[in-house]
Amino acid sequence: VVFAALGAGMALPYIALCHAPALLNRLPAPGAWMVGFKELLAFPMYGSAIWLTWVLGYQSGPDGMLMVLMGVLALAFAIWLVKTARRSPAGLLARMLAVALVGLALWLPTINRTVAEAGTVSSGQAAIAEGPSWQTYSDDALAAARQQGPVFVNFTAAWCITCKVNERVALSSAAVRDAFAARQVTYLKGDWTNEDPEISARLESFGRNGVPLYLLYPGGKANAEVLPQILTESLVIEALEALK
């Protein structure tokens, strides 16, 4: 969703020019400013790279992050070698080394693939900030919790910005924690970062193909209430207060 929004934003000037060709006369003349603007646009890409590296660290731990960063270093060195090979007497050797470095950069991330699942957040993790404590989601855990009372299910992922904002804004306060405790609501969190098949099946059962998805089960055999994808603290508390 984020990358689609960025792509749409970058295409917006072209769409505007197509619908209003007269705007072409208002465009600034080509010049040195274009080079600076091009370099400025690199910083959002750097930010995306940092975020994706953090997601990788969440998935595969610090070792996986180290392998990718070493691959980035190898790619940067390969690019430098190709640029300098043009004016170096050992140009062929430099280009061969650059090709080897590119291969190394592609191979390094595969070393840590086997520990990708081990790096995910373990069950029983402490609550974020002052919010309610949660348990790891599973179909069996949901069935057992529904026999005991109301259940709130949060399907999330490390790469989901909306999920992270909702958890920080709407699910991390002392007021929400107290509302959960007052009504003895069990809080289950399903981590879909690595696309768990059990969670995928649950998402499909509600007509969803992605996260976030927030479900509030009243308890027993009653159907779940699907909460909005954008949460607020008051919205969550009101939904809990509406429980019978």
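Q: What makes the side chains of Arg 177 and Asp 178 a salt bridge?
A: A salt bridge is a side-chain nitrogen of Lys or Arg within 4 Å of a carboxyl oxygen of Asp or Glu. In Arg 177 and Asp 178 the N to O distance is 3.4 Å, so the pair meets the 4 Å cut-off. The model is predicted: local features need pLDDT of at least 70 and side-chain atom pairs count only at pLDDT 80 or more, while totals for chains, interfaces and linings use all residues. Residues are numbered from 1 along each chain as its sequence is written, and side-chain values use heavy atoms, with hydrogens and water left out.

Q: Why are Arg 177 and Asp 178 called partly exposed?
A: Buried means under 20% relative accessible area, exposed means over 50%, and partly exposed lies in between (1.4 Å probe, protein chains only). Arg 177 has 35% relative accessibility and Asp 178 has 45%, so both values fall in the middle class.

Q: How many salt bridges does a search of the whole structure find?
A: The search finds three. One of them joins the side chains of Asp 139 and Arg 202, at 3.3 Å from N to O. This pair links distant parts of the chain, with Asp 139 in helix H5 and Arg 202 in helix H8, 63 residues apart; helices (H or I, at least four residues) and strands (E, at least two) are DSSP runs, numbered from the N terminus. Asp 139 is partly exposed because its relative accessible area is 28%, and Arg 202 is partly exposed because its value is 22%.

Q: What makes the side chains of Glu 167 and Lys 189 a salt bridge?
A: Their N to O distance is 3.5 Å. Glu 167 in helix H6 (residues 161-169) and Lys 189 in strand S3 are 22 residues apart, and the pair links distant parts of the chain. Both Glu 167 and Lys 189 are buried.

Q: What makes a set of residues a nonpolar core, and which members of the largest one touch the most others?
A: A nonpolar core is a set of buried Ala, Val, Leu, Ile, Met, Phe, Trp, Tyr and Cys residues joined through side-chain atoms within 4.5 Å. The largest core has 35 residues, and Phe 152, Val 153, Phe 155, Phe 180, Val 211, Val 236 and Leu 240 touch the most other members. The largest share of this core, five residues, comes from S4. Apart from it lies another core of eight residues, including Ala 78, Leu 81, Ala 94 and Ala 105.

Q: How do you know that S4 is mostly covered?
A: Five of the five residues of S4 are buried. Leu 213, Leu 215 and Tyr 217 lie on one side, Tyr 214 and Leu 216 on the other, and both faces are covered.

Q: What makes two strands a pair, and how many bridges join S2 to S4?
A: Two strands pair if DSSP finds at least two bridges between them. Five bridges join S2 to S4, which run antiparallel, so the two strands pass that test. Phe 152 stands opposite Leu 216 in S4. S4 and S5 are also antiparallel, over three bridges, and Tyr 214 has Leu 227 in S5 as its bridge partner.

Q: Why are S1 and S5 called edge strands?
A: The five strands form an open sheet in the order S1-S3-S2-S4-S5, with mixed pairing. Strand S1 (135-136) and strand S5 (225-227) are the edge strands: each pairs on one side only.

Q: What makes a nonpolar surface patch, and which residues form the one of about 770 Å²?
A: Patches are made of residues with over 30% relative accessible area and no salt bridge; like charges are joined within 9 Å, and nonpolar side chains (Val, Leu, Ile, Met, Phe, Trp, Tyr) within 5 Å. Areas come from the Shrake-Rupley method with a 1.4 Å probe, and for residues only the protein chains shown count as cover. The patch is made by Trp 33, Met 34, Phe 37, Leu 40, Leu 41, Phe 43 and Tyr 46. Its largest share, four residues, comes from H2, while Tyr 46 is found in helix H3.
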